[in-house]
Amino acid sequence: SLILLPNASPAVVQHEVIVPSSLFPSHGRYDSYHVPPADWRSILAPGGADTIRGTALAARVLALYVSAGDIAEIAAGGFDGAYTYFAGPVTHGSDPRNWAQLMIVA
């Protein structure tokens, strides 16, 4: 399993985060806005009921940034950051002019 054995595959990108010299896989959650922020928070917040933080499943988890309303939900959900996959300003989230708004809550 890539989740339980992330170092077993070169397909998993890892970054140093939170704890120096500790490597965590990164996950981009596609259409993350379809899941309520409270549900994300239960697994992404350190004190969440089903948290992955501090466990073998620890990861940097990124939400999909599409619309202006996603900014508050990304923060409320406990995500580590956000991403967009559009190559140009097709959506609010893919327009570089709007990225400063996201950086305020990140």
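Rings of Phe, Tyr and Trp (its six-membered ring) pair if their centres lie within 6.5 Å. This report applies that rule to a predicted model, then turns to a helix contact, a cavity and a loop residue.

**Aromatic rings**

The structure holds 3 aromatic pairs. One of them joins Y30 and Y85, with 5.8 Å from centre to centre and 40° between the planes.

| Residue | Relative accessible area | Class |
|---|---|---|
| Y30 | 53% | exposed |
| Y85 | 43% | partly exposed |
| A58 | 8% | buried |

Y30 is classed as exposed because its 53% is over 50%. Y85, at 43%, is partly exposed.

**A buried loop residue**

A58 lies in the loop between α1 and β3. A58 counts as buried because its relative accessibility of 8% is under 20%. Leaving aside residues up to four places away in sequence, A58 touches F24, P25 and I52. P25 is 33 residues from A58 along the chain, yet their C-alpha atoms are separated by 7.7 Å.

**Helix α1 against helix α2**

Helix α1 spans residues 37-44 and helix α2 spans residues 70-77. Their axes come within 7 Å and cross at roughly 35°. On the α1 side, the contact involves P37, W40, R41 and L44. On the α2 side, it involves E73, A75, A76 and G77. By class, the residues of this contact are 5 nonpolar, 1 polar and 2 charged.

**The cavity**

The structure holds 1 cavity of 30 Å³ or more. The largest cavity has a volume of about 60 Å³. Which elements each supply at least two residues of its lining? They are α1, β3 (60-64) and α2. Helix α2 gives the most, with 3 residues.

The lining includes P37, W40 and E73, and these residues also take part in the contact of α1 with α2. Also among the lining residues are S32, Y33, V35, A63, L64, D70, I74 and F79. By class, the lining has 8 nonpolar, 1 polar and 2 charged residues.

Notes. Residues numbered from 1 in each chain as written. Predicted model: local features only at pLDDT ≥ 70, side-chain atom pairs only at ≥ 80, totals over all residues. Heavy atoms only, no water. Axes fitted to C-alpha atoms, helices over the stretch in contact; angles between N-to-C directions. Helix = DSSP H or I, 4+ residues; strand = E, 2+ residues; numbered from the N terminus. Contact = heavy atoms within 4.5 Å. Nonpolar A, V, L, I, M, F, W, Y, C, P; charged D, E, K, R; others polar. 1 Å grid on protein atoms, 1.4 Å probe; cavity = no way out; pocket = protein on both sides within 12 Å on 5 of 7 lines; lining within 4 Å. Points joined across faces, edges and corners; volume = space filled by probe spheres on them. Phe/Tyr/Trp six-rings, centres within 6.5 Å; stacked < 30°, edge-to-face > 60°. Buried < 20%, exposed > 50% of the residue type's maximum accessible area, 1.4 Å probe, protein only.
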